[in-house]
Amino acid sequence: MKNQLLSAMILALPMLAKAQQSKPVPTVLTDKDGIIQAMEFSDNAPSPTDQEFMRQYLKITADDRFEKANDKERSPGNTDDHFDQFYKGIKVDGAGYNFHYKKGKLFYAHGHFVKIGNLDIVPSINSERAKELFAAYKQIPASEISGFTSELLVKEIASADSTAYLVFEIYLRSNAPVNDEIGYVNAKTGEVLATEPIFSHSSPHVKGIQPKTIQTTTPDLKRALTPANGNFATRYSGARTGSTDKDGLKYRLLDETRGAVIHTWNMQGSFDFDASVELLDNDNIWTAAEHAANENDMGLDIHWALQKIYDRLNTVHAVNSFNDPVAGAGFPINAYIRYGNTDIARNNAGWAAAVKSLVFGDGATVYRPMASVDVVAHEYGHGITDFQIGWGNSGDQGAFNEGLSDIWGAIMQHRITGGNIWQRP
Amino acid sequence: MKQLIAFALILFLAGCKKDKIDPHQAILGKWEEFYVGNGEYQPPIDPPTGYIEFMEDSVLLTHNYSPKSTMKHKYWIDSFLHIGSAYFSYEFQADTLKLNIEYATSILSVSKYKRIR
Ligand SMILES: [Zn+2]
């Protein structure tokens with residue numbers, strides 16, 4: 001009997017498949033409130049335009065508006081559009097929708113649409129008052145505040161069952177104590193509804209406010225005379241060549257030949273980015289004898305690997321740096337070797353999201369320098385994830401973040417140094 | 001009965017107050033790093049490679065045993081422990097200081113130190 005049932009099921013399967021083929025149905029993913037999070041349209045099914053999708057499927061009202069923030073043609077006819085969500089003209093934090101087209105036809109739409117019943121969008125306090133209330137909440141004296149920015153937003157508050165509130169988002173600069181949180185102050189009542197650490201926040205308007213330590217250019221040094229090709233005696237990958245440039249009499253690990261500047265710095269054990277120095281060589285032949293002391297040669301591995309990773313993503317996938325801008329230069333790729341002088345900092349490598357930079361320890365105590373291709377690609381991957389998705393480093397986001405970076409590490413090691421490294425030897 | 005409740009309440013509150021640690025005070029002194037990892041079991045770092053020393057004037061000295069060297073850093077404490085650009089969440093457990101990296105998405109995130117004389 002069992003066997004008969006099984007064979008009946010097997011017989012039925014091709015019929016099921018056939019039934020699906022003849023009447024294609026879009027695949028839909030919804031959240032607990034029934035709002036569509038993702039929808040896939042098969043090639044032979046009709047698909048709506050973005051505007052139709054918003055009306056038919058998201059059921060937006062006259063209070064809702066989607067504004068195109070980014071559109072990108074990856075190859076002819078294949079485009080990716082991103083829309084930000086606005087409610088009665090106010091931006092809804094973290095909300096928006098993405099539409100992907102193949103040969104002009106929508107095949108995948110996904111995003112986060114916040115359905116708001118009726119929210120009064122006239123604030124009862126002003127941004128100055130919101131700043132004061134946030135400063136009081138953080139116990140920061142007014143005399144220590146060196147500046148602030150604010151934006152009126154609609155934001156879902158996680159601790160209040162994701163209810164949407166009208167809030168002032170406050171970024172406040174203070175010297176003592178240093179403020180490392182963004183405040184969300186209820187624009188009606190003045191209550192501080194939520195705070196978020198600055199390092200895991202990736203809204204574009206916050207990205208503009210970065211600690212002054214970020215080094216996107218090299219103001220202290222004159223512009224390079226000419227880009228050059230350095231010969232690197234790397235620690236882990238043998239003899240390699242990489243772009244450097246000559247400043248005055250010496251060569252440094254700065255590459256300005258690509259779509260994004262790649263710059264490798266030396267922290268010499270400091271935790272302070274202001275203390276970083278250039279790695280320099282007299283003749284652009286970077287030998288182990290000259291650079292292996294203090295593990296400085298790890299900089300050669302990293303500078304070379306960053307160029308290889310950049311090239312793979314740029315030439316094969318037309319992706320420029322972590323942020324992949326629609327136009328213009330990619331976000332500068334800054335790497336800092338010999339970051340820190342404690343065991344945890346030295347035997348470690350990371351993506352420092354607050355300064356959008358890669359940091360690598362010299363190892364030296366427990367491990368060896370953290371500079372192999374897979375480590376560099378893993379951290380580079382965190383940069384991509386930070387810019388493209390904005391995941392933080394704890395909880396589920398942290399777990400997915402690490403998982404993605406491990407995949408980047410394996411792919412890039414495979415592409416750059418060869419070998420199917422995910423297969424057991 | 002009322003007095004009893006009041007008395008119990010006073011005891012309870014007093015008990016709470018005693019538990020509160022002032023991190024600015026608690027962190028002062030010398031700490032030897034014996035653990036780096038992600039919270040899982042790891043054998044203690046052996047031999048230890050150095051110790052860190054928090055002074056009252058916001059100065060942190062990091063000492064390495066071999067080769068013998070010392071570096072000076074600036075530190076301060078609010079809801080995090082900041083060492084230059086690095087910042088950590090912190091936890092004091094008896095004679096142990098546990099730090100969790102918050103400044104970076106990093107390979108290892110947890111370090112532990114034991115107090116030394
Ligand atoms: Zn990682």
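Q: How do the axes of helix α6 and helix α9 of chain A cross?
A: Two packed helices are described by the angle and the distance between their axes. In this predicted model, the axes of α6 (residues 298-317) and α9 (residues 395-417) of chain A come within 10 Å and cross at roughly 95°. Axes are lines fitted to C-alpha atoms, for helices over the stretch in contact, with angles from 0 to 180 degrees between N-to-C directions. Helices (H or I, at least four residues) and strands (E, at least two) are DSSP runs, numbered from the N terminus.

Q: Which residues of α6(A) and α9(A) meet?
A: Contact means heavy atoms within 4.5 Å. Among them, Trp304(A) and Leu313(A) in α6(A) meet residues including Trp408(A) and Ile416(A) in α9(A).

Q: In what order do the eight strands of the chain B barrel run?
A: Strands of a sheet pair through backbone hydrogen bonds, either parallel or antiparallel. Here the order is β1-β2-β3-β4-β5-β6-β7-β9, with antiparallel pairing; two strands pair if DSSP finds at least two bridges between them. For example, β2 (residues 50-54) and β3 (residues 59-64) of chain B share five bridges, and Ile52(B) has Thr62(B) as its bridge partner.

Q: How much area do chain B and chain A bury between them?
A: The size of an interface is often given as the accessible area lost when the parts come together. Chains B and A bury about 2,700 Å², 58% of it on carbon and sulfur atoms; this is accessible area (1.4 Å probe) summed over both.

Residues are numbered from 1 along each chain as written, and chains are lettered from A in written order. Local features need pLDDT of at least 70, while side-chain atom pairs need 80 or more and totals for chains, interfaces and linings use all residues; side-chain values use heavy atoms, without hydrogens and water.

How values were computed
Buried area is the accessible area (1.4 Å probe) that two parts lose on being put together, summed over both.
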